[in-house]
Structure formats: structure tokens, C-alpha cells
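Please keep the sequence and the view side by side as you go through them.

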Amino acid sequence: MIIFTDHARIRMAERSISRAQTTKTIKEPDRIIEEDDQIKIFRKSFGDTTLEVVAEIKKLKIVIITVYRL
């Protein structure tokens, strides 16, 4: 289950990042950077831009903290 925080939804709207792009980044990342046991950064290229999704991994859910372009 993927859960979007209010902060993530606001940033996605501000940055014109779709839910589909965010979900694809989580499910099919080009790279995963492990910040610690629970916080992961998922990175995926979409044409000429790269998306990063910062998420907290819990037992049965992924909580999206923020989303941005590099």
C-alpha cells in the first residue's frame, strides 16, 4: 500500500508531478538510495528529467514523504 502525506501531495501539485510518475518511481526505480533502515530515496528518469521520491518503508505500507525533480 502506498500512502501519500499531505506534504507530498502539495509538493507534487506545485511541481506538476503526477501520482502515476510517483508510483512508477517506487515500483520501477532506476536506483534506490538507503538513508537508513526505514527511509529510502527512489530515483527514476523520465525523458530529460529525473524524479526522486523520499519514502518511509513500514511493514505493509510505503509512506511518501516528498517528491522532487533533480
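1. I begin with a residue in a loop, Ser16, which is placed between H1 and H2. The model is a predicted one, and in it Ser16 has a positive phi of about 55° although it is not a glycine. As background, most residues other than glycine have a negative phi. Ser16 counts as exposed, because its relative accessibility is 60% and the cut-off for that class is over 50%.

2. Stepping back to the whole chain, the protein has 2 helices and 5 strands, and these follow the pattern β-α-α-β-β-β-β when read along the sequence.

3. The strands belong to an open sheet of 5 strands, whose order is S1-S5-S4-S3-S2 and whose pairing is mixed. At the edges are strand S1 (2-4) and strand S2 (31-34), each of which pairs on one side only. From one strand to the next, the twist averages 30°. In general, the strands of a sheet pair through backbone hydrogen bonds, and they do so either parallel or antiparallel.

4. Taking the pairs in turn, S2 and strand S3 (residues 39-46) are antiparallel and share 4 bridges, and Arg31 has Arg43 in S3 as its bridge partner. S3 and S4 also pair in the antiparallel sense, over 8 bridges, with Ile41 partnered by Val54 in S4. S4 and S5 run antiparallel as well and are joined by 7 bridges; here Glu56 stands opposite Val63 in S5.

5. How many residues lie between S3 and S4 in their hairpin? There are 2 residues between these strands, and Gly47, which is in the turn, has a positive phi of about 65°. A hairpin also joins S4 to S5, in this case through 4 residues.

6. Helix H2 (residues 19-27) lies across S1, S3, strand S4 (49-57) and S5, and it runs at about 115° to S3.

7. Is S4 largely enclosed or largely open? Of the 9 residues of S4, 7 are buried, so this strand is largely enclosed by the rest of the structure. For the protein as a whole, buried residues make up 37% of the 70 residues.

8. The largest nonpolar core has 13 residues, and those with the most contacts inside it are Ile26, Val53, Ala55, Ile64 and Val67. At least two residues of this core come from each of H1, S3, S4 and S5. Beyond its neighbours up to four places away in sequence, Ile64 touches a set of residues that includes Ile2, Phe4, Ala8, Ile26, Val53 and Ala55.

9. Thr25 is in helix H2 and counts as buried, because its relative accessibility is 0%; leaving aside neighbours within four places in sequence, Thr25 is in contact with Phe42, Arg43, Lys44, Phe46, Leu51 and Val53. Tyr68 lies in strand S5 and counts as partly exposed, because its relative accessibility is 24%. Among the residues that Tyr68 touches, not counting those up to four places away in sequence, are Arg15, Ile17, Ile41 and Leu51. Tyr68 and Met12 are 56 residues apart in sequence, yet their C-alpha atoms are 7.5 Å apart in space.

10. Lastly, some overall values. The C-alpha atoms of the protein fill a box of roughly 30 × 25 × 20 Å along the principal axes. A compact globule of 70 residues would have a radius of gyration near 11 Å, and the protein agrees with this because its own value is 11 Å. Among contacts between residues at least 6 apart in sequence, 36% join residues at least 24 apart. The accessible surface comes to about 4500 Å², and 50% of it belongs to carbon and sulfur atoms.

Key
Residues numbered from 1 in each chain as written. Predicted model: local features only at pLDDT ≥ 70, side-chain atom pairs only at ≥ 80, totals over all residues. Heavy atoms only, no water. Pairing = 2+ DSSP bridges. Axes fitted to C-alpha atoms, helices over the stretch in contact; angles between N-to-C directions. Contact = heavy atoms within 4.5 Å. Rg over C-alpha atoms; globule rule 2.2 N^0.38 Å. Buried < 20%, exposed > 50% of the residue type's maximum accessible area, 1.4 Å probe, protein only. Areas by Shrake-Rupley, 256 points an atom, 1.4 Å probe, with all protein chains shown as cover. Core = buried A, V, L, I, M, F, W, Y, C linked by side-chain atoms within 4.5 Å.
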